Amino acid sequence: MKKLILIIISIVITLPLISCAIGKEELVSVPSLVGLKLRDAEKIAEEKGLLVKVVKSDFAKDYPIDYIISQDPGPYVLVKKGRIINVVISSGPPKVLVPDFIGMNFKDAQELIYQNKLQLGNIEEISVPNVEVGIILDQSPSPKTYVEEGTRIDLKISKGTLYQIPSLIGLSIEEAKSVIVTSGFSVGKIIKKSNPAYPSNVIWDQDPAPLTYGSKDTIIDLYVNP
């Protein structure tokens with residue numbers, strides 16, 4: 001009985017092939033073309049008596065341009081010689097239109113970079129008169145160009161108009177406050193901390209340090225002997 005069942009199954013499997021053979025229609029197994037370059041895929045298909053037709057191109061992160069990302073019919077399906085294998089080829093990784101960041105403040109530009117699946121690149125700070133701190137002055141790549149996802153965006157950012165921090169060392173608290181205000185800065189914390197090298201009630205340190213540069217909203221903390 002078991003032998004009879006095997007014979008029946010064999011007949012069911014081979015009958016279509018026999019019929020094709022009788023009709024002089026040779027069947028071939030469809031090769032696996034996914035992951036191959038289009039030219040190579042066409043050559044392999046041709047060797048089996050098949051044809052390749054590109055029906056679509058699409059973005060594909062994992063496949064270079066002109067590589068096959070899908071096929072129909074699939075691999076190992078038996079088809080007649082001369083059958084067309086429809087394929088979709090890659091247009092390369094997904095592209096992103098670079099936004100225009102120029103004139104935007106850094107915080108907003110940074111958020112927009114990540115929203116567009118890009119990455120923050122190098123930051124260069126430049127002093128430019130009459131431009132507020134943190135304003136984007138230039139960018140690379142240029143606005144409205146297409147780049148791959150994850151591309152790094154380099155920015156040039158305004159440091160604003162900077163002013164030199166006055167030296168307050170050796171002044172009294174009141175003298176230091178007067179110099180700070182007349183210089184256009186703001187008085188910060190008065191920190192009483194002992195320094196034997198200076199007399200009482202005299203400024204012996206400051207933050208930011210003397211002769212560095214800061215914007216007009218810079219706050220200067222003072223260290224004074226008790």
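## Asn-195 and its loop

In this predicted model, Asn-195 belongs to the loop that links S12 and S13. Asn-195 counts as buried because its relative accessible area is 17%, under the 20% cut-off. When residues up to four places away in sequence are set aside, Asn-195 touches Trp-204 and Asn-225.

## The three-strand sheet

Strands S12, S15 and S13 form an open sheet in the order S12-S15-S13, with mixed pairing. Its edges are strand S12 (186-192) and strand S13 (203-207), each of which pairs on one side only. From one strand to the next, the twist averages 25 degrees.

S13 and strand S15 (residues 219-224) run antiparallel and are joined by four bridges. Within S15, Leu-222 is the bridge partner of Gln-206. Helix H4 (residues 173-182) packs on the sheet and touches S12, S13 and S15. The direction of H4 makes about 155 degrees with that of S12.

## Gln-71 in strand S3

Gln-71 is part of strand S3 (residues 68-72). With a relative accessibility of 13%, Gln-71 is classed as buried, since the limit for that class is under 20%.

The side chain of Gln-71 has a polar atom 2.6 Å from the backbone nitrogen of Leu-33. A polar atom of the Gln-71 side chain also lies 3.1 Å from the backbone oxygen of Pro-73. Beyond its neighbours within four places in sequence, Gln-71 is in contact with Val-30, Pro-31, Ser-32, Leu-33 and Val-34, and also with Ile-85, Asn-86 and Val-87.

## Nonpolar cores

In soluble globular proteins, nonpolar side chains tend to be buried together. The largest nonpolar core here comprises 13 residues. Those with the most contacts inside this core are Leu-33, Leu-38, Leu-50, Val-52, Ile-68, Ile-85 and Val-87. At least two residues of the core come from helix H2 (38-47), and at least two from strand S5 (84-90).

Leu-38 is in contact with Val-52, Val-54, Asp-66, Ile-68, Val-87 and Ile-89, leaving aside its neighbours within four places in sequence.

Definitions and conventions: Residues numbered from 1 in each chain as written. Predicted model: local features only at pLDDT ≥ 70, side-chain atom pairs only at ≥ 80, totals over all residues. Heavy atoms only, no water. Buried < 20%, exposed > 50% of the residue type's maximum accessible area, 1.4 Å probe, protein only. Polar contact = N/O pair within 3.5 Å; in protein donor to acceptor, adjacent residues only side chain to side chain. Contact = heavy atoms within 4.5 Å. Pairing = 2+ DSSP bridges. Axes fitted to C-alpha atoms, helices over the stretch in contact; angles between N-to-C directions. Core = buried A, V, L, I, M, F, W, Y, C linked by side-chain atoms within 4.5 Å.
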